[in-house]
Amino acid sequence: EPMLSWDCIREGVIHARRKVSDRDINLNIRIITNGSIIDSDILDFLKNQHIDVSVSFEIIPEVQDMQRKHYDMVYQNINSLLDHGIAVQINSTITPANVERMEEMIHLLHTHFPSVKNAMFEPVVSQEMFATPLDMRIFYEKYVEHFCESLSLADRYGIALTSFAYLRTIFPLERSCPGELCVTADADITGCYCVASPQDALFGETKYGTISDGKIDFDMDSFHKLLSKNVYSRAECKECKVKWNCGGGCFHQYATYSQPYKEEVCRFTKSFFEHILWYKVKKGM
């Protein structure tokens, strides 16, 4: 949660603005937060620095309190952000608890926060949440159905609804994730924001740099090795018709899921693309 280190965030933003002040660079800054820590100083700084905010929020009270807690607090803080004229996007994690309630989530979002015009409904990334691959398949089938229904409702309300799977239907790519520059608390640099410390299983595969004594040291061999894991390196992608709208799938999922679960992710990707394609055709007609 970045707001727990607010002094560091403030200094980082000021430093970044100073660095680009004499260069032809348009610097866009977005903070992703759970919305639990917002005060007047933070609000004023976000507004003055033109910082957009993404709030991780499940919209439905009982789902928020089950998955993240503090519904009332976050609800009020979102309103405080909006009252200050700060652009807010709502990021919701879709799990078996709310996958069949996505239309309700869009309706509540429009009702309670009519000025919010951007939302992301991302399916949960967790093999452990599903006892069997079939359970995961059933979840994904429900996600595809209700995302499309929610997309139609969001269109009517003027809300831009998206997800990573949806974005991949728009932008062709060779690798699902272009490769991140994630600075960890220990000043290591990793290529995946799901990997934050040496205790994470994929730390050795994703680390490609270190910050020390004010200098950045990149290991370009490790970086290129990480990026080489894409549609060209995976046999199952070779004849896949949607590989350019998948990019070989999420690196973290691919490296941590067992084969039967990876197959369900592939099945979901193909089904989702087909449904979104038909949705766009019908909308265009």
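Tutor: Ile59 sits in the loop between E2 and helix H3 (61-67). Helices (H or I, at least four residues) and strands (E, at least two) are DSSP runs, numbered from the N terminus. The model is predicted, so local features need pLDDT of at least 70 and side-chain atom pairs pLDDT 80 or more, while totals for chains, interfaces and linings use all residues. Residues are numbered from 1 along each chain as its sequence is written, and side-chain values use heavy atoms, without hydrogens and water.

Student: What makes Ile59 count as buried?

Tutor: Its relative accessibility is 3%. Buried means under 20% relative accessible area, exposed over 50%, and partly exposed in between (1.4 Å probe, protein chains only). Ile59 is therefore buried. Ile59 also has a positive phi of about 75 degrees, although it is not a glycine.

Student: Why is His50 called exposed?

Tutor: His50 has a relative accessible area of 65%, so it is exposed. His50 belongs to the loop between H2 and strand E2 (52-56), and its phi is near 55 degrees, a positive value in a residue other than glycine.

Student: How do you know that H1 is roughly parallel to H2?

Tutor: The axes of helix H1 (residues 6-20) and helix H2 (residues 40-48) come within 12 Å and cross at roughly 20 degrees. H1 is therefore roughly parallel to H2. Axes are lines fitted to C-alpha atoms, for helices over the stretch in contact, and angles run from 0 to 180 degrees between N-to-C directions. Angles under 35 degrees count as roughly parallel, over 145 as roughly antiparallel, 65 to 115 as roughly perpendicular and the rest as oblique.

Student: Which residues of H1 and H2 meet?

Tutor: Trp6, Arg10, Val13 and Ile14 in H1 meet Asp41, Ile42, Phe45 and Leu46 in H2. By class, this contact has 6 nonpolar, no polar and 2 charged residues. Here Ala, Val, Leu, Ile, Met, Phe, Trp, Tyr, Cys and Pro count as nonpolar, Asp, Glu, Lys and Arg as charged, and the others, Gly among them, as polar.

Student: What makes H6 and H11 roughly parallel to each other?

Tutor: Their axes come within 10 Å and cross at roughly 20 degrees, and H6 and H11 are therefore roughly parallel. The contact includes Pro133, Met136, Arg137 and Tyr140 of H6 and Glu264 of H11. By class, the contact of H6 with H11 has 15 nonpolar, 3 polar and 5 charged residues.

Student: Why does Glu264 count as buried?

Tutor: Glu264 has 6% relative accessibility, so it counts as buried. Its place is in helix H11 (residues 259-284). Contact means heavy atoms within 4.5 Å; leaving aside neighbours within four places in sequence, Glu264 is in contact with Pro133, Met136, Arg137 and Tyr140.

Student: What are the accessible areas of Cys194 and Cys266?

Tutor: Cys194 has a relative accessible area of 38% and is partly exposed. Cys266, at 36%, is partly exposed.
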